[in-house]
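Hi everyone, thanks for coming. I'd like to walk you through one structure today, so please have a look at it while I talk.

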Amino acid sequence: NPLNVTLAGTGVTPSVPDILVNPTSHDYGSVTVGASSSQTFFVINAGTADLIVTSVALLGSDSDQFSIDSGGGAFTLAPGLSRNVNVSFNPTTSGSKNATLQFSSNDPDENPLNVTLAGTGVVPPVADIEVDLTTYDYGSVTVGAGASQTFVVSNAGTADLIVTSVAL
């Protein structure tokens, strides 16, 4: 009396998934309207249990300016494994564009995981020829005499204007 009972145990960390995405944000910079620029995002399961990604989505008012080219959808990653997700910026108009690449998963503390995307659509430089007079009437000119008129050619564009010939 008293009866002593010896107790023992070992604390263990529960197995949990842990999503990591690299890079955590991306700025595509300036991309010409109508062109495209892509970026690969590496999704890694740094946890000790299977990571189940239920969706990969683009969100935000400019999300239509970006596209998931490959690696999206639902997928499962065992601990230590990774997957590539390729996302393109495809501006259809000029100006600053922003969206969020969202990963929904079973990660207990990072669900959803959001990746910030940014880029600027730029109008391609073009030459734009302008002539100060589009018509000119020389009026009556005596045979054997001459009359002249100067026409001013200018470039109203944003790229070099190359005039390859002037002809009548």
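Predicted model: local features only at pLDDT ≥ 70, side-chain atom pairs only at ≥ 80, totals over all residues.

Residues are numbered from 1 along each chain as its sequence is written, and side-chain values use heavy atoms, with hydrogens and water left out.

When I say strand, I mean a DSSP run of E with at least two residues, numbered from the N terminus. Two strands pair if DSSP finds at least two bridges between them. And a bit of background: strands of a sheet pair through backbone hydrogen bonds, either parallel or antiparallel.

So which strands make up the sheet with mixed pairing? It's an open sheet of five strands, in the order β2-β9-β8-β4-β6. At the edges stand β2 and β6, and each has a single partner strand, so one side of each has no neighbour in the sheet. From one strand to the next, the twist averages 25 degrees. For that angle, axes are lines fitted to C-alpha atoms, and angles run from 0 to 180 degrees between N-to-C directions.

Now walk across that sheet with me. β2 and β9 pair in the parallel sense, over six bridges. Next, β9 pairs with β8 in the antiparallel sense, over nine bridges. Two pairs to find there: Thr100 has Thr116 in β9 as its bridge partner, and Asn98 stands opposite Ala118 in β9. Then β4 and β8 run antiparallel and are joined by six bridges. Look at Thr100 again, because here Thr100 in β8 is the bridge partner of Leu59.

On to the other sheet. Four strands form this open sheet, in the order β1-β3-β7-β5, and the pairing is antiparallel. Its edges are β1 (19-22) and β5 (66-70), each with a single partner strand, so one side of each is left without a neighbour in the sheet. Neighbouring strands here are turned by 30 degrees against each other on average, direction ignored. β1 pairs with β3 (residues 37-45) over four bridges, in the antiparallel sense.

Asn22 has something else going on: a cis peptide bond joins Asn22 and Pro23, with omega about 0 degrees. Pro23 lies in the loop between β1 and β2. Where is the other proline I want to show you, Pro112? It's in the loop between β8 and β9, and the peptide bond from Asn111 to Pro112 is also cis, with omega near 0 degrees. For context, most peptide bonds are trans.

Next, the core. A nonpolar core is a set of buried Ala, Val, Leu, Ile, Met, Phe, Trp, Tyr and Cys residues joined through side-chain atoms within 4.5 Å. Buried means under 20% relative accessible area, exposed means over 50%, and partly exposed is in between (1.4 Å probe, protein chains only). The largest nonpolar core has 22 residues, and Leu101, Phe103 and Leu117 touch the most other members. Among the elements giving two or more residues to this core are β1, β2 (25-32), β8 (95-105) and β9 (113-122). Which strand gives the most? That's β4, with four residues.

Now a couple of spots outside the strands. Pro2 sits in the segment before β1 and counts as exposed, at 63% relative accessibility. Pro2 and Thr92 are 90 residues apart in sequence and 82 Å apart in space, C-alpha to C-alpha. Ala35, in the loop between β2 and β3, is partly exposed, with a relative accessible area of 33%. Ala35 and Thr92 are 57 residues apart in sequence, and 8.5 Å apart in space, C-alpha to C-alpha.

Last stop, the pocket. On a 1 Å grid over the protein atoms alone, a pocket is an open set of points where a 1.4 Å probe fits, with protein on both sides within 12 Å along at least five of seven lines, and lining residues have an atom within 4 Å of a point. Residues lining the largest pocket include Ile129, Phe151 and Leu168.
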